[in-house]
Amino acid sequence: MIDLAIKEGYLRLERITEERFEKAKRLRIKFQDKPGISFTDLTSMVVMTEMGITSILTQDGHFTQVGMGFRRIP
């Protein structure tokens with residue numbers, strides 16, 4: 001199903017490259033006072049920043065706690 005959604009353009013797959021991984025590691029250090037933020041969230045923040053995405057559909061408050069301009073959609 002996922003492959004079909006990607007093929008038909010309904011879903012875009014973004015890979016975590018070495019550069020993105022390193023950026024996420026830097027965020028981990030920057031936000032060491034927030035140990036509850038998962039590394040997955042940090043990699044998502046890196047990709048979102050690169051792509052200019054500021055709105056996110058989530059119940060996870062970490063995205064608004066980091067001061068990176070993210071806005072949760074209710």
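In which helix is Arg20 found? Arg20 belongs to helix 2, in a predicted model for which local features require pLDDT of at least 70, side-chain atom pairs count only at pLDDT 80 or more, and totals for chains, interfaces and linings use all residues. Residues are numbered from 1 along each chain as its sequence is written, and side-chain values rest on heavy atoms, with hydrogens and water left out.

The protein chain contains four helices and two strands, these being DSSP runs numbered from the N terminus (helices H or I, at least four residues; strands E, at least two). Their order from the N terminus is α-α-α-β-α-β. The C-alpha trace spans about 40 × 30 × 20 Å along its principal axes. Of the 74 residues, 26% count as buried, where buried denotes under 20% relative accessible area, exposed over 50%, and partly exposed the range in between (1.4 Å probe, protein chains only). Among contacts (heavy atoms within 4.5 Å) between residues at least 6 apart in sequence, 24% join residues at least 24 apart.

Helix 2 and helix 3 have axes that come within 9 Å and cross at roughly 115 degrees; axes are lines fitted to C-alpha atoms, for helices over the stretch in contact, and angles run from 0 to 180 degrees between N-to-C directions. On the helix 2 side the contact involves Arg20, Phe21, Lys23, Ala24, Lys25, Leu27 and Arg28, and on the helix 3 side Phe39, Leu42, Thr43, Met45, Val46, Val47 and Glu50. Arg20 is buried, at 11% relative accessibility. Beyond its neighbours within four places in sequence, Arg20 contacts Glu14, Arg15, Val46, Val47 and Glu50. Thr43, located in helix 3, is likewise buried, with a relative accessibility of 11%. With neighbours within four places in sequence set aside, Thr43 is in contact with Ile16 and Ala24. The Thr43 side chain also reaches the backbone oxygen of Thr40 at 2.8 Å.

The largest nonpolar core comprises 12 residues: Ala24, Leu27, Phe31, Ile37, Leu42, Met45, Val46, Met48, Ile56, Phe63, Val66 and Phe70. Such a core is a set of buried Ala, Val, Leu, Ile, Met, Phe, Trp, Tyr and Cys residues joined through side-chain atoms within 4.5 Å. Helix 2 (18-30) and helix 3 (39-51) are the elements that supply two or more residues to this core, and helix 3 gives the most, with four. In soluble globular proteins, nonpolar side chains tend to be buried together.

Two aromatic pairs are present in the structure. One of them, Phe63 with Phe70, is edge-to-face, at 6.0 Å centre to centre and 75 degrees between the planes. Rings of Phe, Tyr and Trp (its six-membered ring) pair if their centres lie within 6.5 Å, with planes under 30 degrees apart counted as stacked, over 60 as edge-to-face and the rest as tilted. Phe63 is buried at 3% relative accessible area, and Phe70 is buried at 8% relative accessibility.

Ile56, a member of the largest nonpolar core, touches Met48, Phe63, Arg71, Arg72 and Ile73, residues up to four places away in sequence not being counted. Arg71 lies in strand 2 (residues 71-73). Apart from neighbours within four places in sequence, Arg71 is in contact with Thr54, Ser55 and Ile56. The side chains of Arg71 and Ser55 make a polar contact at 2.9 Å; the term denotes a pair of N or O atoms within 3.5 Å, and within protein one must be able to donate a hydrogen and the other to accept it, while residues adjacent in sequence count only if both atoms are side-chain atoms. Arg71 and Ile37 are separated by 34 residues in sequence and by 16 Å in space, C-alpha to C-alpha.
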